[in-house]
Structures are given as structure tokens and as C-alpha cells.
Amino acid sequence: MWNLFIDNWDTFLIGFGNTVLCSVIALIFSLIIGSGFAILETVPSKLWRTVARIYIELFRNIPLLVIAMIFYLVIPQFLFKVNGFTAGTIGLTLYTSAFIAETIRSGIGAVGDGQMEGARSNGITYWQAMRYVILPQAFRIVIPPLGNQFVNLIKNSSVLAFVAGFDLMYQGDVIASSTFQTIPTYIIVGIFYLILTLPLSYYMQSLEQK
Amino acid sequence: MDFVNALSWENVHFLLQGLWVTIYVSLISIALSFIIGLVLGTVRYSKIPYLSAITGFIIDIIRNLPLLLIIFFTYFGLPGLGIRVNSVVASIVALVVFESAMIAEIVRSGINAVPEGQMEGARSNGMNFMQAMFYVIMPQALLKMIPALLSQFVSLVKDTSLATIIILPDLLYHAQIVYSQNTNYMIPMYLIIALMYFIVCFCLSLVASYLQKKFG
């Protein structure tokens, strides 16, 4: 197994790099989009709440693989050309943003109506209250579940393998089919994933216990 | 793009056969992984020397790996151990292995959410550990885990689509067969299977949010 790694370390590392890159991009954008829809879900206007609800339910209830495939195969036929990495990352971002929206919304719910009422009766606007009173408290509550979503995101990034995204899983597949050492290759791939996910999920567990 | 011909009765019937495979693979995996997850979560919580630590370690390894990797391991690894399986069995084994680790974690945090006094009270009333677990802790813990469990089951249904890669004849695979014969059907196929997955998962999600309101 060690020899297998020495012979193919560059291929593994390219995959590892792409997996990290895809996860970081998807994390940043899904946090932004997710927070946006979470806030939309709490605004007084019923129309915007419905829009947010539809977005969240749509992306939460369709398999990530199908979403990624739609971006990889269907979008290029109408709009613009995308490569596998971009299509996979867009799919992953939208999929994860729905889960993050749901997590943050429950965080906002957990802060309690009294905080908003108190802030409003002190004369600040809805958006100021959101920005300075509600969201700082909500983010503190949702940090452990958000961390778990990030672990899921890293694991889900393996869907890039289906759309030729050159991620860790895809590169593993390439090595496995050229060396025929299937199981050792996938063990190495697994170790790479654990390097990313295991510390994060132990850290989140320790935060939860506090 | 050709919606009318793409959605001929023949094609829709073929897709529904795929949907049926998706549903029964999901149902078997849900049932098995729930039972195994319950046992593993309890073992991890019970603090039996060595056994709990080893179980916990294995659970943490499995739930931090991508499901796709576990599907590969099962499909290529089982024949290496001398077990020949078809893709349906391999998919179910992979899903059960992965999801029981996820469910074990939910079970553990559910049990942890029950106040410790409950266990102490039950034990000081003369129950042994298993009785206290079965009659006092579990009923309360299960109530607390219902929302998390159901959203895990929704994930499981969606995750069956990954088994397409080992040629599980599920909904996604059947759609791919249809549009590989006529690429004009590709877009209608993806839209219709997205809708089918959505309907199945959304119904499960509705049950989840109903139960969350009732018990949460």
C-alpha cells in the first residue's frame, strides 16, 4: 500500500487539493446563500417566506447526485458551458445551502421572539435588530450543527467523481483502474478523507458537550 | 428536448420500476440500519470496557467517510472475501453500514439528552442496566430523536442514487438508460426523476416536521 502511495502520490494530492478547494468554495457560498434564505424565512412578508421555503424544500429533497448531474448535463445545453468541477461545486453549494438555511433558521428561532421585540421597542429597525441582536446569538447556537453540515459537505464533495471533477474520489478511481489495486487505493482515499473530516467532527463533538 | 415523446407510457412505466427499486432498497436499509444503529448506539453509551471504545472508534471512522467510498468497498471488497453479491445486496449492505453508524450517533446523543437522574432512579429501584435502558431511558430518548432520525431516513432515500455507480437498477439508473437511447430525452428525464425523488422525500420530510411539532 505504501508503494502504491509513493508511485501515485501526485495524483492523490491533486485530488486531495481539488476536494479541499471545492469544499472551501462550497462552504463559503453556501454559508452566504444559506444565511440569506434563513433570514428570508423570518421576514414579515409572506411572499418572501414562501419563496425561501420553496427553495429550501426543493434542494433538500432532491438527491445531490441528480442536482449535480442537472448542472453538468442540462445547464450547458441552454445557458453556458461548465466543466465538471464547476458544475459539481455549484450543485454542492446549492444543495448544502438549503441545509445551512434550515440550520440557521432553527438557530434564529431558538433566540426567541422576546429579543426581537426588545430590540424593536428600543427603536432600531428590523434589519438592525437582525444584524446586531438576533444573528450574533443565532450563530453561536448553530456552530456545532453547522460544523456537522461542513463535515457532510466534505463527504458529499465525492459526488464530483460522477461529473469528472478530478476530486479525491475521481483520482482514486483513476488509480484503481490503472493499477488494479482497488482496495488499497480506496483505503488511501479513505485516509485522506478522514484527515479532513475526523478532526472537525471531534472538535464539533467537544463543542457540543460544553 | 422532447417532453411528449420522452414521457410516453413505456418510459414512465420503466421509470416507475426504477422508483420501486429505490423505495424497496431504502425501506430494507432503513429497517436494518435503525435496528443496528440502536444496538450500536446503546453499546457505545453503556461504557462496557474496551467494547464501547472500539465500537465508538469504528462508528466515528465510518460516519466520517463518504458513502460513495463505502459503496466501492462493499462492491469490490466483498468478492475479495469470497462473498459474491449482486448490486442490490451490495447497495443494501453499503447503505446499512453507513447509515447505522450515522443512526448510532443520533441514538447516542438522544440517550445523552435524557437526564442522568432517570438512569440512577431506575437503577436504585432495582432494575438492572438493560431493564432501565429498555423501559425508562429508550422510550424518552426515542421521542427526542424522532426528528433527527427521520431526516436521516430522508438522506438515506436520496443516497440510494449513489448506488447507480455499481449498477443498482434504481430510478436514476433507469433514467440514464432511457436517455442513452435518445439524448433529446435527457432534460425531461432529469426533471421527471428530480420530481419523483422530491415527492418521495418531501412526504417523508412532512412527516418529520409534523412529528417535530408534536414532540419537539
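Student: What pattern does chain B follow when read along the sequence?

Tutor: Chain B reads α-α-α-α-α-α-α-α-α. Helices here are DSSP runs of H or I with at least four residues, strands are E runs of at least two, and both are numbered from the N terminus. In chain B that gives 9 helices and 0 strands. Bear in mind that this is a predicted model, where local features need pLDDT of at least 70, side-chain atom pairs count only at pLDDT 80 or more, and totals for chains, interfaces and linings use all residues. Residues are numbered from 1 along each chain as its sequence is written, chains are lettered from A and ligands numbered from 1 in the order in which they are written, and side-chain values use heavy atoms, leaving out hydrogens and water.

Student: How do I read burial, and what percentage of chain B counts as buried?

Tutor: Buried means under 20% relative accessible area, exposed means over 50%, and partly exposed is in between (1.4 Å probe, protein chains only). Of the 216 residues in chain B, 52% are buried.

Student: Is Ser201(A) buried or exposed?

Tutor: Ser201(A) sits in helix α8 (residues 182-209) of chain A, and it counts as buried because its relative accessibility is 4%.

Student: Which side chain does the side chain of Ser201(A) make a polar contact with?

Tutor: A polar contact is a pair of N or O atoms within 3.5 Å; within protein, one must be able to donate a hydrogen and the other to accept it, and residues adjacent in sequence count only if both atoms are side-chain atoms. For Ser201(A), the partner is the side chain of Asn64(B), at 3.1 Å. For contact in general, the test is heavy atoms within 4.5 Å. Not counting residues up to four places away in sequence, Ser201(A) touches Val151(A), Arg63(B) and Asn64(B).

Student: Which residues touch the most other members of the largest nonpolar core?

Tutor: A nonpolar core is a set of buried Ala, Val, Leu, Ile, Met, Phe, Trp, Tyr and Cys residues joined through side-chain atoms within 4.5 Å. The largest has 115 residues, and those touching the most other members include Val66(A), Met169(A), Leu15(B) and Tyr190(B). Helix α6 (residues 126-156) of chain A gives the largest share, 13 residues. A second, separate core has 23 residues, among them Val114(B) and Leu150(B).

Student: Where does Phe215(B) lie, and what does it touch?

Tutor: Phe215(B) belongs to helix α9 (residues 186-215) of chain B. With 39% relative accessibility, Phe215(B) is partly exposed. Leaving out residues up to four places away in sequence, Phe215(B) touches Leu143(B) and Ile146(B).
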